[in-house]
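These are my notebook entries from one sitting with a single structure. I wrote down what I looked up, in the order I looked it up.

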Amino acid sequence: MKRFPYTQFICINNQIPGSVSVCSDEKQGVGLAMKHLHEWGHRRIALILPNSSDNRSVRMRREAFCEFALQFGQRDAESLIAYINQKPVESVARLIRAQKPDALLIGGEDMLFPTNFAVGMLGLNVPDDLSIVSYENCYASSYMMPPHTTIAQNFAALAENAVDLALEALADKK
């Protein structure tokens with residue numbers, strides 16, 4: 001942005017100082033997933049996140065998870081979060097063995113396959129032993145056995161809002 005000081009940027013799902021942003025409501029997405037799992041009787045829900053604390057979506061999902069976990073009676077939310085690092089299968093398996101969750105919320109599309117693999121390696125079956133709700137990857141979730149429930153972002157609406165903001169900015173310049 002320093003190279004283009006007179007250019008206005010509209011960011012989608014990212015916030016950069018000095019720019020306008022259109023972002024998904026991460027709190028709403030996590031809240032919908034937690035409510036869904038809680039309504040199905042789950043009381044020990046764990047969260048799987050990428051290991052990137054500088055990412056806005058990761059921070060927002062973690063904060064929302066902790067807030068909703070407390071609201072639903074889970075006092076140990078922090079111990080039910082696995083941050084995926086270089087060994088994703090091991091990280092997920094370690095969380096499942098140590099914390100014994102009855103449901104997983106996968107907080108990013110890159111964690112779907114390693115999480116599913118870890119669940120299978122532990123001899124667990126979805127949904128008999130463990131329920132899974134994944135975030136963002138509707139296409140891949142539909143090919144899991146059985147298909148996972150997915151929280152999807154409405155990227156068309158985000159893009160539409162970004163275009164509306166751009167048009168407003170152009171109209172203001174006239």
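Before anything else I noted how elements are assigned: helices (H or I, at least four residues) and strands (E, at least two) are DSSP runs, numbered from the N terminus. I also noted that this is a predicted model, in which local features need pLDDT of at least 70 and side-chain atom pairs count only at pLDDT 80 or more, while totals for chains, interfaces and linings use all residues. Residues are numbered from 1 along each chain as its sequence is written, and side-chain values use heavy atoms, with hydrogens and water left out.

**Entry: overall layout.** I counted six helices and seven strands in the protein chain, and from the N terminus on I read their order as β-β-α-β-α-β-α-β-α-β-α-β-α. Of the 174 residues, 39% are buried, where buried means under 20% relative accessible area, exposed over 50%, and partly exposed in between (1.4 Å probe, protein chains only). I then looked at contacts (heavy atoms within 4.5 Å), and found that, among those with a separation of 6 or more, 62% are between residues 24 or more positions apart.

**Entry: salt bridges.** I looked for salt bridges, each being a side-chain nitrogen of Lys or Arg within 4 Å of a carboxyl oxygen of Asp or Glu, and the structure holds five. One of them joins Lys27 and Glu67, whose closest N and O atoms are 2.9 Å apart. Lys27 lies in helix α1 (residues 26-39) and Glu67 in helix α2 (residues 56-71), so this pair ties together parts that are 40 residues apart in sequence. Lys27 is partly exposed at 37% relative accessibility, and Glu67 is partly exposed at 39%.

Another salt bridge, between Glu39 and Lys35, has its closest N and O atoms 3.5 Å apart; both residues lie in helix α1, four residues apart, about one turn of the helix. Glu39 is exposed at 58%, whereas Lys35 is partly exposed at 45%.

I also wrote down the salt bridge of Asp76 with Arg44, where the closest N and O atoms are 2.9 Å apart. This pair links distant parts of the chain, with Asp76 in the loop between α2 and β4 (81-84) and Arg44 in the loop between α1 and β3 (45-50), 32 residues apart.

**Entry: helix α4.** Which residues of α4 are buried? I found Leu112, Pro114, Thr115, Ala118 and Val119. Thr115, in helix α4 (residues 112-121), counts as buried because its relative accessibility is 0%. Leaving aside neighbours within four places in sequence, Thr115 is in contact with Ile48, Val92, Leu104 and Ile106.

**Entry: backbone angles.** Most residues other than glycine have a negative phi, and most peptide bonds are trans. With that in mind, I noted that Lys100 has a positive phi, near 50 degrees, although Lys100 is not a glycine. Lys100 sits in the loop between α3 (88-99) and β5 (103-106) and is exposed, with a relative accessible area of 58%. A cis peptide bond joins Val126 and Pro127, with omega at about 5 degrees, and Pro127 is in the loop between α4 and β6 (131-135).

**Entry: a loop residue.** Is Gln153 buried or exposed? Gln153 is buried, with a relative accessible area of 14%, and is found in the loop between β7 (149-151) and α6. From C-alpha to C-alpha, Gln153 and Asp25 are 8.7 Å apart in space, although 128 residues separate them in sequence.
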